[in-house]
Amino acid sequence: MQWIKNYHHFGAPVALLFFIDTILEKGSWVDTGMFIQNVMLAARGHGLETCPQAALAEYPDVARDLLNIPESKKLICGVALGYADYDDPSYQYRTDREPVERFTQWYR
Ligand SMILES: Cc1cc2nc3c(=O)[nH]c(=O)nc-3n(C[C@H](O)[C@H](O)[C@H](O)COP(=O)(O)O)c2cc1C
């Protein structure tokens, strides 16, 4: 049921959809990921919350048909955008953070 909420954008009034041209390669995908994160950070700066949603990219043709987006554009992910419901049980969930040493090798 929690996963299905993806397709209602977790109740957010706005769903951002990020497409990339299929001729673009690895570096441009990285650029786009950084761009998406900057949009998410800017949203926080305006008192909004976001949730990146790869779930939307599983059904790219829904948005493609609705918005008349050509096959030459690939849907990377969506981002739900809105004000958080801090009382919702799902908002209470917190994930742990790995210590830096677990994913970094230091060379001197
Ligand atoms: C690119 C990307 C796609 C994601 N797609 C989904 C998704 O489709 N549905 C979902 O519930 N969470 C998705 N997540 C995970 C959540 O948005 C969020 O990152 C997760 O709840 C952990 O948040 P936290 O690191 O702030 O605890 C995605 C995260 C990223 C970075």
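Q: Which residues line the second largest pocket?
A: The lining consists of Tyr7, His9, Ala15, Leu17, Leu56, Tyr59, Val62, Ala63, Leu66, Leu67 and Leu75. A pocket here is an open set of points on a 1 Å grid over the protein atoms alone, where a 1.4 Å probe fits, with protein on both sides within 12 Å along at least five of seven lines; lining residues have an atom within 4 Å of a point.

Q: Before going on, what kind of model is this?
A: This is a predicted model, in which local features need pLDDT of at least 70, side-chain atom pairs count only at pLDDT 80 or more, and totals for chains, interfaces and linings use all residues. Residues are numbered from 1 along each chain as its sequence is written, and side-chain values use heavy atoms, with hydrogens and water left out.

Q: What about the largest pocket; what is its volume?
A: The largest pocket has a volume of about 900 Å³. It is lined by 23 residues, and those closest to its centre are Glu49, Thr50, Cys51, Ser90 and Tyr91. The elements that contribute two or more residues to this lining are β2 (49-53) and β3 (73-82).

Q: Changing topic: how many helices and strands are there in the chain?
A: The chain has two helices and three strands. Read from the N terminus, their order is β-α-β-α-β. The C-alpha trace spans about 50 × 45 × 30 Å along its principal axes.

Q: How do the strands β1 and β3 pair?
A: β1 and β3 are antiparallel, with eight bridges (strands pair if DSSP finds at least two bridges between them). Within this pairing, Phe19 has Leu75 in β3 as its bridge partner.

Q: Let us look at single residues. Is Gly82 buried or exposed?
A: Gly82, which is found in strand β3, has a relative accessible area of 9% and is therefore buried. Its contacts, apart from neighbours within four places in sequence, are Ala12, Pro13, Leu48 and Glu49 (contact means heavy atoms within 4.5 Å). Gly82 and Phe10 are 72 residues apart in sequence, and their C-alpha atoms are 9.5 Å apart in space.

Q: And Gln53: where does it lie?
A: Gln53 lies in strand β2. Its relative accessibility is 1%, so Gln53 counts as buried. Beyond the neighbours within four places in sequence, Gln53 is in contact with Asn6, His9, Phe10, Cys77, Gly78, Val79 and Ala80.

Q: Then Thr22: which residues is it in contact with?
A: Leaving aside neighbours within four places in sequence, Thr22 is in contact with Glu71, Ser72 and Lys74. Thr22 is found in the loop between β1 and α1 (26-45), and it is partly exposed because its relative accessible area is 47%. The C-alpha atoms of Thr22 and Glu71 are separated by 8.4 Å, although the two residues are 49 residues apart along the chain.

Q: One more: how far apart are Asp61 and Pro99 in space?
A: Asp61 and Pro99 are 39 Å apart, C-alpha to C-alpha, and 38 residues apart in sequence. Asp61 has its place in helix α2; with 42% relative accessibility, it counts as partly exposed.

Q: Finally, what share of the contacts with a separation of 6 or more joins residues 24 or more positions apart?
A: Such residues account for 75% of those contacts in the chain.

Methods:
Grid points are joined across faces, edges and corners, and a volume is the space filled by probe spheres set on the points. Helices (H or I, at least four residues) and strands (E, at least two) are DSSP runs, numbered from the N terminus. Buried means under 20% relative accessible area, exposed over 50%, partly exposed in between (1.4 Å probe, protein chains only).
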